[in-house]
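Student: I would like a close look at one part of this structure. Please take me through the aromatic rings, step by step.

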Amino acid sequence: MKFRKVLAICLASAMTLSVAACGQAAPAAPEASDSEEAETEEAAEEVEEEEAEEEPAEEAEAAEAAEAAEGGVPTYTQLDLSKYGDTEATIKFLHHKTDRAEDGTMDKMVAEFNKEFPNITVEMEAVTDYAEDSLLRLSTGDWGDIMFIPAVDKVDLETYFMPIDSLENLSAELNFVDSWEYNGQCYGIPYMANAQGVLYNKAVFEEAGIAELPKTPTEFLEDLQLIKDKTDAIPLYTNYAAGWTMGAWDAYVGIVSNGDDTYVNQKFVHTAEPFKDPGDDTGIYNLYRILYDAVANGLIEDDYTTTDWESCKGMLNRGEIGTMVLGSWAYAQMQEAGDTPENVGYMPFPMTVGGTQYVSAGGDYNYCINVNSDDTNKLASLIFVKWMVEKSNWCFNEGGYTVVKGGDNPDMYSAFDGCEVLSDKPAKAGEETLLNDVNAESELSFNAGGNAKVQRIVEAAATGSESLDDIYADWTQVWNDAQEELEVSVDY
Amino acid sequence: MSALTKSAGSRKNRTFPEWLRSRDGQRVLVMIAFLVVPLVLLMVFTYIPFAEMVKYSFYNMKYVGNRKFVGFKNYIKVFSRDDCFGALKLSLYYMGGSVVQLSLALYLATILSFKVKGGNIFKGFMFFPFLINGIAIGFIFKFFYTRGFVFDTVLQWVGFNLDSLPYWLKDRSINNISLVGTSVWRYFGQNMVLFIGAIMSVDSELYEAAMLDGANKFQQFKYIIMPSIKTIFVLNVILSISGSLSAFEPPYVITDGANGTGTYFVVMHEIAHTQQKVGLASAMAVVLLMIIFIVTVLQKLFFKYVFKDGTE
């Protein structure tokens, strides 16, 4: 008898829990827990009754929700910010800008936002190791309403994120929105865009007698040699130890190295020998040759294994470093790091393809919205994202290339006049995940954390253990193996 | 359990509720009640995740997205790739380090367990590194080894010329030794304290008797201390050896595994998180577990054999 009683109580509580879990059926819970102490049969009956009572209520709620959804969440371009001033919601924003969270920039922007939308509460969480942690958070589903899209496969986008608008509508108003496009829908909007060039110190260049910015790898290496001969500055600071700073070299593959905006996402994976020397001071071959030759000729820091990212910022600012190969996002940080921000300069990457210097620009991390949030939160999140993109001025303040079409660009891009600014075209339909797959399979991981392969160049050049051609031969080998393994056709 | 129920059942033909109320039944209930919490914790946080990991090792998968069953392919890769097994060679450095670490710890423990002036202060200083967070130690040593910083400066005081000093982390012939040094620095104090604890438990009358018999300090160490702390010694050796197989923090924080310092764990981390080959990394973890298992059994056998001959 006792056993049956225990069983009945277990069943009763299980039912109670499942009932309580159905949205706002919560009031049923206390009653049900009282019933646990009541006699067996009574308890069972009561639960049955409750379930019967709950059903119509649930239906009604579901109907209500459906009605709300009919008004639905507008798309990004449909959304008129001025009409939603009284929206009420609490949304959570997961981001990687720990530095901006600490210096109060994030809070200031949200305070601005709350002037226009006083009833939307924005909770923020800054994650230090975002690239890794965000993926883990994503797989648990417990991350909030807005985040920056981590490295997921494009086929999985719709599982996690809400489509923000169609590519057609969105690209009429914004730049760089095609990086997270899938089946014609965009799932993300970049918070800022970066142009890929080279940081340099203007005073060091002057002292070394460099009047004109270098336009080819060979000229660049000659200038580095000049800096070494005529100044005390480190010509090229590799930032080897930090790792990701070495992976930053990958950003010049494609548009910068051959002027083709379809190369990275469409042709690269189908190329048989992507690392072949084209013989005209261009291509991936000559991109990493700069690094190899600079290291081999002693044009980098003395002990590359103990470089420190935080202190390199001040060193560039003060003129102890001549150049660093990093995206434009780093410019503002270099300026802030010392007393001579006017000496920090930014130039296009020294590579000229067919007489033109190409600049690759693209979105940084992209805002995205949780597909599993309810409609109120989705709407509030979309309002927040649109406000951040169009009204927060965040992109400009970070020294970013404008995301809104026709927006202002910071002064730092003045050296880019006369260069062709392009952004990578997305992959062809059906091949969206191909680059990721080949990257992972070959473990070269271009633009996806493949720091070790660039570090290897530095090590090889410094110790003389491998020639550049040895390294490229090895890369070609693993690239071709990956193509074979994944049955990728080789067309170029 | 089965023995208990049998004895309970043989006493009388009781129904289940009656048995529950009896003394035997209550005893079993209490046992279950006490065991259930630790067992559930152990299951949920150790064995179930481990079983999942073993399952992952048979798939070609990322953290997100689709999985594909590939059988033993991941295991074959672990054994055929240079970087996976090559990384185990670095463990030899760490094993060498653990020999140094244990002998140093044992030596100092023996000295400090006799009456020494300021013994407790020394113990405190030497144990202190163990209390510092491993990541912090990494950062300390990154600057410690930087060219012209702490270590070089100290060596220059002693009369070395900066130009004749090597680059501690750049030079591939010594960078692993530099890293092992940090790990020795961190752990020898802890080993020492464990040894002192074991030595303290030796009955002091044994020393007196030995002294009366004319034994010197070394003989006391060999015939009294060593046999008495055998258990702790073996434990420390096993911990250090499995620790050297799974060395992670120094190379990860100080050099990020670059420049030929990537140990098995660092390579595994790179494969799991950068390359997102979760299946392969899981297979590596399972293989490492097997290796540690085998090494531990071998050590057990070794010590059984050695100590049998040495002391009896």
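**Aromatic rings**

Tutor: Keep in mind that this is a predicted model. Over all chains, the structure holds 59 aromatic pairs. We will look at two of them.

Start with Tyr401(A) and Tyr413(A). Their ring centres are 5.2 Å apart, and their planes stand at 85°. Planes over 60 degrees apart count as edge-to-face, so this pair is edge-to-face. Tyr401(A) and Tyr413(A) both sit in the loop between helix 18 (394-397) and strand 16 (420-422) of chain A, 12 residues apart. Now check their surroundings. Buried means under 20% relative accessible area. Tyr401(A) is at 17%, so it counts as buried. Tyr413(A) is at 5%, so it is buried as well.

Next, turn to chain B. Phe141(B) and Trp185(B) form an edge-to-face pair, with 5.2 Å from centre to centre and 70° between the planes. Phe141(B) belongs to helix 7 (residues 134-145), and Trp185(B) to helix 9 (residues 175-200), so the pair ties together parts that are 44 residues apart in sequence. Phe141(B) is buried, at 7% relative accessibility. Trp185(B) is at 32%, so it counts as partly exposed.

Rings also gather in a group. One aromatic cluster in chain A includes Phe93(A), Tyr130(A), Tyr365(A) and Trp394(A).

Finally, look at charges over rings. In chain B, the charged end of Arg147(B) sits over the ring of Tyr167(B), 4.1 Å from the ring centre. The charged end of Lys217(B) sits over the ring of Phe114(B), at 4.2 Å from its centre.

Key
Residues numbered from 1 in each chain as written. Chains lettered and ligands numbered in written order. Predicted model: local features only at pLDDT ≥ 70, side-chain atom pairs only at ≥ 80, totals over all residues. Heavy atoms only, no water. Phe/Tyr/Trp six-rings, centres within 6.5 Å; stacked < 30°, edge-to-face > 60°. Helix = DSSP H or I, 4+ residues; strand = E, 2+ residues; numbered from the N terminus. Buried < 20%, exposed > 50% of the residue type's maximum accessible area, 1.4 Å probe, protein only. Lys NZ or Arg CZ within 6 Å of the ring centre and 35° of its normal.
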